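Please examine the structure shown below together with its sequence.

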Amino acid sequence: MSSTSPSSKLDVNLSLTLPASSAGPGPVEALKPEERGIHLIQLLLTCANHTSSGNLHHADACLRQISLLASVSGDPMQRLAARFAYALATRLVKRWPGLYKALSHIQRSKSTEGDRACAFFSQAFPYLGFAYAIIARTLVQAMSEERVIHIVDLGSGDPKLWVPFMRSFALMDHGPPYLRITCVNSNKVVLQNLGTRLVKEAESLGMPFQFNPLNVSLRDLTTDMLKIRSGEALAMVSILSLHVLLAEDDRVDAHFGFGGSKGNGMKDCKQMAEFLAMVRSMSPKVFLLVEQEADHNLNRLVDRFVEGLHYYSAIFDSLDVNYGSVSSEERLAAEEMFGREIEEIVACEGMEREERHERYARWMVRFGRAGLKPVRLWSDKMVDAKQMVEAYGRDGYKIMKDKACMMICWHEQPLFAVSAWTC
């Protein structure tokens, strides 16, 4: 990654298979940013290999060198390296459960401010804004002729998605429909805030509206809880939530954690299959899915590590475009949120790890097996997507079509996939 040119493609396309040098990096101050970035990648990959093979002394030596070059207040590559090094160190320390618990006890008791970080993320980055615009347009297109509509929000709980959607329906020529929004979320505060906001919005729009909060996780959700009524048009929306079900079957083997692997590397997941079968039984008009376009559901630590470096290097580079190279409270909060994701991917196995993202191609297989088929999103004209990107005024962001989904990208690196499905 380059600290001098946020629009440079080096951060996205940099090879992660460079041969490790046996020579030391020389004086830290003598390294140019690009040289330092390349050397950090070499050290991180070498450290990941040593960590995976259990070579503690060599891993420790790599971490010592990384600590001289990485910094949470440096350029994007330095900050990224600091997060990945911390995750590797955490994985090593977990070999001594008592030591790990003693070191992490106080840290875990502190507030992680996850909701605050998510708020910064949604405010400062176009990623969710792009996804919300695609979802809202698709829902309006699918439901424009319906008079009784039931939307099930599987976890987002974000008024920035639902308020514009409600306003769009309020402007319909035939008047607003009767709208029910059911939100599934394990955080009661999120449900309370969303309900209050949407009820007030419905009153101001003169829209008949009902809000149904479900304070449960996706793992515990049942059809009966949703109380689907005859005659209502059902739509379901999952934003960065569904992937947590991919971890469920890992209790079969807490160490390797991937029973039932297929020849193409795709893992079976009984709970995911059961959940999608439940969705299919309710016959929604449309199911909208937003997930990271990354494969973190891999067997080998080194494979996950390389995948994570590619993915989060693009994320961290885009942080500089939004916040600049100067350290800020907002950027640090967002990077802490991503740092926790990196730690789960690198340091956790088995049921500890919920960050098991898969690419759209594998979601296609899972949804297809459940009897669901992809549907065209709100626009098949890229000019509309380009106009949406231009509206944000941010260089480097792109929206590209891939089969039936839309990829939200940083330069050429796909980061989030938005897709729609029906029975």
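E352 and K94 form a salt bridge, with their closest N and O atoms 3.1 Å apart; a salt bridge is a side-chain nitrogen of Lys or Arg within 4 Å of a carboxyl oxygen of Asp or Glu. E352 lies in the loop between α13 and α14, and K94 in the loop between α4 (76–93) and α5 (97–109), so the pair ties together parts that are 258 residues apart in sequence. The model is predicted, so local features need pLDDT of at least 70 and side-chain atom pairs count only at pLDDT 80 or more, while totals for chains, interfaces and linings use all residues. Residues are numbered from 1 along each chain as its sequence is written, and side-chain values use heavy atoms, with hydrogens and water left out.

**Salt bridges**

- E352 counts as partly exposed because its relative accessibility is 44%, whereas K94 is buried, with a relative accessible area of 19%. Buried means under 20% relative accessible area, exposed means over 50%, and partly exposed lies in between (1.4 Å probe, protein chains only).
- A search of the whole structure finds 17 salt bridges.
- E232 and R180 meet through their side chains in a salt bridge of 3.0 Å, N to O. E232 lies in the loop between α10 and β4 and R180 in strand β2 (residues 178–184), so this pair ties together parts that are 52 residues apart in sequence. Both E232 and R180 are buried.
- E307 forms a salt bridge with R359, and their closest N and O atoms are 2.6 Å apart. This pair links distant parts of the chain, since E307 is in helix α12 (residues 301–323) and R359 is in the loop between α13 and α14, 52 residues apart. E307 is buried at a relative accessible area of 13%, while R359 counts as partly exposed at 34% relative accessibility.

- E355 is found in the loop between α13 (329–347) and α14 (360–369).
- The side chains of E355 and H243 are joined by a polar contact of 3.4 Å. A polar contact is a pair of N or O atoms within 3.5 Å; within protein, one must be able to donate a hydrogen and the other to accept it, and residues adjacent in sequence count only if both atoms are side-chain atoms.
- Leaving aside neighbours within four places in sequence, E355 is in contact (heavy atoms within 4.5 Å) with H243, H296, E341, E344 and I345.
- L245 lies in the loop between β4 (233–239) and α11 (270–282), and L245 counts as buried because its relative accessibility is 0%.
- L245 and E355 are 110 residues apart along the chain, and their C-alpha atoms are separated by 9.8 Å.
- Not counting residues up to four places away in sequence, L245 touches L218, R219, C269, Q271, M272 and F275.

**Backbone angles**

- Most residues other than glycine have a negative phi.
- K227, a residue other than glycine, has a positive phi near 50 degrees. K227 is found in the loop between α10 (223–226) and β4, and K227 counts as exposed at 60% relative accessibility.
- H411 is not a glycine, although its phi is positive at about 55 degrees. H411 is found in the loop between β8 (405–410) and β9 (413–422), and H411 counts as buried at 7% relative accessibility.

**The whole protein and its confidence**

- The protein has 15 helices and nine strands. Helices (H or I, at least four residues) and strands (E, at least two) are DSSP runs, numbered from the N terminus.
- Of the 423 residues in the protein, 53% are buried.
- The mean pLDDT of the protein is 82, and 78% of its residues reach 70 or more; pLDDT is the predictor's confidence in each residue, from 0 to 100.
- Over residues 108–112 the pLDDT stays under 50, and the model has two contacts beyond four places in sequence for them. Over residues 251–264 the pLDDT is also below 50, and this stretch has 23 contacts in the model beyond near neighbours in sequence.
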